[in-house]
Protein chains: 2
Amino acid sequence: MNFSVRSATKEDMPRVFTLIKELALYEKEPDAVETTVEDLEILGFGSQPKFHCMVAEVDGNIQAMALMYMRFSTWKGIALHLEDLIVTKKMRGFGLGAALLDEVVKYGSNLGVKRISWEVLDWNEPAIKFYKKKGAIILRDWDVVHLDEQGIKDYLSKR
Amino acid sequence: MNFSVRSATKEDMPRVFTLIKELALYEKEPDAVETTVEDLEILGFGSQPKFHCMVAEVDGNIQAMALMYMRFSTWKGIALHLEDLIVTKKMRGFGLGAALLDEVVKYGSNLGVKRISWEVLDWNEPAIKFYKKKGAIILRDWDVVHLDEQGIKDYLSKR
């Protein structure tokens, strides 16, 4: 399988959005995607981009993407967070995901980050095994907490 | 207990750093803090701040702090992440933490974020109960993954 990895451009966002929707469908949450292609174009490619995106192409077609942004750890300093790493279903197992992860780690290293973080479903054993092999630590005792848009409204109305 | 909440200034960073160190000691990881007061001053108060910090004062002394930054969800859009919410030990139970959380939610709402996120230790039942009461969702099946500074070096040397 021949493929190449490069930084995404604004013009790639429709295809990147298709990958995001595909993953949501796979995770049985198709309606959870409330963003649009325009959101990605505006928020990722303005004067202060909210994220950085990389894509992997096979024969000139985007088949995988990685989306990341900076975080800050009070213990470690600047960190890079990998929000999404998506390989389209028919292209899994050919190394596109691993190649993208390589580029993400290089990107973080070049930026001098002290940590690269992401999140994984605790039942996704193949992914966890892969990440561990790569040297990552799974923090099993930390849970993610979300206050969603409605939760924010409810919170403020109750005060 | 009379207290007030305000945005932190660069001059507050020595005291904020003391709170960060105190929490690390409480979590039995005093050596895990690799940042310095200078890191906080430079990274939080430059031309492109990496975080926003709020403090709660009692009689003009900072007794609690909240530290946050923006994230991006491919499903929801811009999000606010609460990295740390620390109340000094002797001042717990007086409402400083809840007052800071109120201000964090207001801050996020004013910025138009679609989500406010944070992380919690899965055995910290009092905290989890408090967050749930506030309308937050605990994503028990998502684990946090870290590739630390040494892990990044090892990863790249193995390629």
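In this predicted model, helix α1 of chain B has one face turned away from its buried side, and that face carries the exposed residues Pro14(B) and Tyr26(B). The helix runs over residues 13–26 and has 14 residues. From first C-alpha to last, α1(B) reaches 20 Å. That is close to the 20 Å expected at 1.5 Å a residue.

The buried residues of α1(B) are Met13(B), Val16(B), Phe17(B), Leu19(B), Ile20(B) and Leu23(B). They cover an arc of only 155° around the axis, so they lie on the same side of α1(B). These buried residues pack against several elements of chain B. One partner is a helix, α2 (37–44). The others are β2 (52–58), β3 (61–73) and β4 (77–87). After α1(B) comes Lys28(B), whose phi is positive, near 60°.

The two chains were then compared. In general, two copies of a chain are related by a rotation about an axis and a shift along it. Here, chain B can be laid on chain A by a turn of 180° and a shift of 0.0 Å along the axis. Among the residues of chain B, Asp143(B) comes closest to the rotation axis, with its C-alpha at 3.0 Å.

Note on methods. Residues are numbered from 1 along each chain as its sequence is written. Chains are lettered from A and ligands numbered from 1 in the order in which they are written. This is a predicted model: local features need pLDDT of at least 70, side-chain atom pairs count only at pLDDT 80 or more; totals for chains, interfaces and linings use all residues. Copies are superposed by least squares on the C-alpha atoms of residues with pLDDT of at least 70 in both. Helices (H or I, at least four residues) and strands (E, at least two) are DSSP runs, numbered from the N terminus. The expected span of a helix is 1.5 Å times one less than its number of residues. A residue is buried if 20 or more other C-beta atoms lie within 10 Å of its own, exposed if 12 or fewer, and partly exposed in between; C-beta atoms are placed from the backbone. The arc is that of the directions from the helix axis to the C-beta atoms. Two residues are in contact if their C-beta atoms, placed from the backbone, lie within 7 Å.
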